[in-house]
Amino acid sequence: MTFNQVREKLLKGKHTIRYKSLTTEGNEHEVIGSLLNVNLFQSQSDKILVFLEEEKRWQDIEVSTILSVEPV
């Protein structure tokens, strides 16, 4: 997925984001995140800043590690 594809989905609401771990080969993570109700400008990058809904905090995720972004 590209940065813009991920960004467009997250701007529409909460999504489950599944991505590969950068620290442990073979591990995957799943989080629920969005960019909804956020006045935040992000330009094209290798990382995207996502608001984790359940943890109420921000996390940057490397775009190349994202496996899927599916609506909740």
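The legends below describe close-up views of a predicted model.

Local features are given only where pLDDT is at least 70 and side-chain atom pairs only at pLDDT 80 or more, while totals for chains, interfaces and linings use all residues. Residues are numbered from 1 along each chain as its sequence is written, and side-chain values use heavy atoms, with hydrogens and water left out.

**View 1. The open sheet has 5 strands in the order E4-E3-E2-E1-E5.** Pairing between the strands is antiparallel. Strands (E, at least two residues) and helices (H or I, at least four) are DSSP runs numbered from the N terminus, and two strands pair if DSSP finds at least two bridges between them. Strand E4 (57–62) and strand E5 (66–71) are at the edges with a single partner strand each, so one side of each has no neighbour in the sheet. From one strand to the next the twist averages 35 degrees; axes are lines fitted to C-alpha atoms, for helices over the stretch in contact, and angles between N-to-C directions run from 0 to 180 degrees.

**View 2. Strand E1 (residues 15–20) is joined to E5 by 5 bridges and to E2 by 6 bridges.** Both pairs run antiparallel. His15 is opposite Pro71 in E5, and Lys20 is opposite Glu28 in E2. Buried means under 20% relative accessible area, exposed over 50%, and partly exposed in between (1.4 Å probe, protein chains only). In a regular strand the side chains alternate between the two faces of the sheet.

**View 3. Helix H1 (residues 3–11) lies across E1, E2 (28–34), E3 (47–52) and E5.** H1 runs at about 20 degrees to E3. Phe3, Val6 and Leu10 of H1 are buried. They span an arc of only 75 degrees around the axis, which places them on the same side of H1; the arc is that of the directions from the helix axis to the C-beta atoms. The buried residues of H1 pack against E1, E2, E3 and E5. Just after H1, Gly13 has a positive phi of about 140 degrees.

**View 4. The largest nonpolar core has 14 residues.** Such a core is a set of buried Ala, Val, Leu, Ile, Met, Phe, Trp, Tyr and Cys residues joined through side-chain atoms within 4.5 Å. Leu10, Ile17, Ile48, Val50, Ile61 and Ile66 touch the most other members. At least two residues of this core come from each of H1, E1, E3 and E5. Leaving aside neighbours within four places in sequence, Val50 is in contact (heavy atoms within 4.5 Å) with residues including Leu10, Ile17, Trp58 and Ile61.

**View 5. Phe51 and Trp58 form an edge-to-face aromatic pair.** Their centres are 5.3 Å apart, with 65 degrees between the planes. Rings of Phe, Tyr and Trp (its six-membered ring) pair if their centres lie within 6.5 Å; planes under 30 degrees apart count as stacked, over 60 as edge-to-face and the rest as tilted. Trp58 counts as partly exposed at 37% relative accessibility.
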